[in-house]
Amino acid sequence: MWYLILLAAVYIAVNVFLWHRVIRLLRNVHGALGKKGVMIGFSVIYLFLMSSVGTWILFEDPAWISALKFINNVWIGVFIYALFFVALAEVVTFFLWLFKKMRKGYKGYRRYIVIRGFTVIALIICFSIYGVVHYQDTDVIKYDVTVDKSADGLEDMRIVLVADTHLGYSVGNDMMEDMVELINEQDADLVVFAGDIVDNDYYALSDADEIAKTLSGIRSRYGVYGVYGNHDVEEQLIGGFTVPVGKDALVQPEVDEFVKKAGIEILEDESVTIAGNITLIGRMDASKPNSDEGRKSIGELMKGVDRSGPVICIDHQPSQLRQKADAGVDMDLGGHTHDGQIFPGNLTIDLFWENAYGLDKIDDMYSVVTSGVGVWGPAMRIGTDSEIAVIDVSFAQ
C-alpha cells in the first residue's frame, strides 16, 4: 500500500508541474488567456483528466464506468508524452541557459516560451492521436522454424500465436472481428492464446456474449488452446496499478465460462497431445498463477512427456527460457511484453527480458514472443504494432 501512496504523491506533483507549465504558456501567449475565467476553466478540465484514474470508482452505472475508464486509458498515454516532451523541452532550455543563449529577460524570451510550448503541445497531440488510431490496426507477422523431430509423418504445421487481447475498456468486438478474419485467412493448423485474454475484469466487456461468439468462429485443424496471464485474474486497478482489496487474485468464474464459449481450451499446468505425437504444454502464469499452490516447474510438467516428439510450451511471460530448453521443450510461445507498446518503451524492453519480442533460439529451442493484439494501460501503440504471429514449423522426416 505504501508504494501506491508514494506513486500517488509523485503523480500529483508531476501534474502540478505540468499544469503550471501550461498556465505559464497561456499567460505568455496573450493577456486574455491569463484572465481568471480562462485559468479556472483550464484548471477544471485538467483536474477532471488528472483524476480520471480514480473517479470511475464513484459510479455504479457501467456506461459511466466504461466511458471514464477509456478516458483514463487515453489520458495515461497523453500524460506520459506530456511528461516526456516537457522534460525534453526543459533539458533544451537548461542548455540554452547554461551557454547563455536564452535566459529570462533576454530579447525574444517570451517568443521562445510560446514557440517551445506550442511545439510540445503539437508533439503530444500528434503522438497521442496516432497512438489511439494505430493500436486498433492488427498486422500479421510470420516466422519459419525447423524442429528436428518427427511428427508422425506430418511435414509441417502452421501455428497462429495470439496474446494480450486485453478485452475490456479499450478492446472490444470490432477488433476481435478483424483479428478472427486475419486468423482464418492463415489456414491455421493450431491457434494458441498466450494469456491476458481479458483486462482484469469480465464486466469490463461491453458485450461478452457477442465477443465469445466472434472468437468461436476461429478455424483451426487441431483446436484452439490457451493459458491465462497476469491480467486474466480479477484485480482492482487504478491507473493500471493493482490496488489491494483483500481478495485473492483469481480468474473470475465468468471468465472461465467466457473462454469456453469462445472455443478456447485453457491449459493450467496441463498437457495435451495433438496431431499424433505433438505435446502441447500450457503453464500457469509466473506472477499470477490462479492457484494458491503456485505453478509447477517445467521439469515437473515434462515428466511423462514423450520427448521423441515435438514439445510446444505456452507460457504467458517469456521467462525461464534456459530451463525450458534444458528440459527438452522445442518451442516456447508467449507474449506479455507488448514489445514495449509505446515509445520509448520499445527501445528499453530488451533490457528486461531474454527475448522481449520476436524469434530467438536457445540451444535447440525456439522462443517466439508476440507484441500482442490489445493494449494495457495507455490506449495507444507508438513504435510497435498490434499483431498476430504466424509460425510455419517444419518437422524432420
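## Strands E11 and E13

In this predicted model, strand E11 covers residues 331-334 and strand E13 covers residues 365-369. The two pair in the parallel sense. Four bridges link them. At one of these positions, Gly334 stands opposite Val369 in E13.

## The sheet around them

E11 and E13 belong to an open sheet of six strands. Its order is E8-E9-E10-E11-E13-E12. The pairing is mixed. On average, neighbouring strands of this sheet are turned by 20 degrees against each other, direction ignored.

Which strands stand at the edges? They are E8 (270-274) and E12 (358-362). Each has a single partner strand, so one side of each is left without a neighbour in the sheet.

## E9 and its two partners

Strand E9 spans residues 278-282. E8 and E9 form a hairpin with three residues between the strands. In that hairpin, Ala275 takes a positive phi near 50 degrees.

Is E9 buried or exposed? Five of its five residues are buried, so the strand is largely enclosed by the rest of the structure. Ile278, Leu280 and Gly282 point one way from E9. Thr279 and Ile281 point the other way. Residues on both faces are buried.

## Helices H3 and H4

Two packed helices are described by the angle between their axes and the distance between the axes. Helix H3 takes in residues 62-98, and helix H4 takes in residues 109-134. They pack at an angle of about 150 degrees, with their axes 9 Å apart. Angles over 145 degrees count as roughly antiparallel, and H3 and H4 are therefore roughly antiparallel to each other. H3 passes H4 in a right-handed crossing.

Which residues make the contact? H3 supplies Val74, Val78, Tyr81, Ala82, Phe85, Val86, Ala89, Glu90, Val92, Thr93 and Leu96. H4 supplies Tyr112, Arg116, Val120, Leu123, Ile124, Phe127, Ser128 and Val132. By class, the contact has 15 nonpolar, two polar and two charged residues.

## Helices H5 and H6

Helix H5 is formed by residues 173-185, and helix H6 by residues 208-215. Their axes come within 9 Å and cross at roughly 5 degrees. Angles under 35 degrees count as roughly parallel, and that makes H5 roughly parallel to H6.

From H5, the contact uses Asn173, Met176, Glu177, Met179 and Val180. From H6, it uses Glu210, Ile211, Thr214 and Leu215. How do these residues divide by class? Five are nonpolar, two are polar and two are charged.

## Asn15 in helix H1

Asn15 sits in helix H1, which covers residues 2-29. The relative accessibility of Asn15 is 1%. Buried means under 20%, so Asn15 counts as buried.

What is Asn15 in contact with, leaving aside its neighbours within four places in sequence? The residues are Tyr46, Met50, Trp75 and Phe79.

Methods
Residues are numbered from 1 along each chain as its sequence is written. This is a predicted model: local features need pLDDT of at least 70, side-chain atom pairs count only at pLDDT 80 or more; totals for chains, interfaces and linings use all residues. Side-chain values use heavy atoms; hydrogens and water are left out. Axes are lines fitted to C-alpha atoms, for helices over the stretch in contact, and angles run from 0 to 180 degrees between N-to-C directions. Angles under 35 degrees count as roughly parallel, over 145 as roughly antiparallel, 65 to 115 as roughly perpendicular and the rest as oblique. A crossing is left-handed if the near helix is turned anticlockwise from the far one by less than a right angle, and right-handed if clockwise. Contact means heavy atoms within 4.5 Å. Ala, Val, Leu, Ile, Met, Phe, Trp, Tyr, Cys and Pro count as nonpolar, Asp, Glu, Lys and Arg as charged, and the others, Gly among them, as polar. Two strands pair if DSSP finds at least two bridges between them. Buried means under 20% relative accessible area, exposed over 50%, partly exposed in between (1.4 Å probe, protein chains only).
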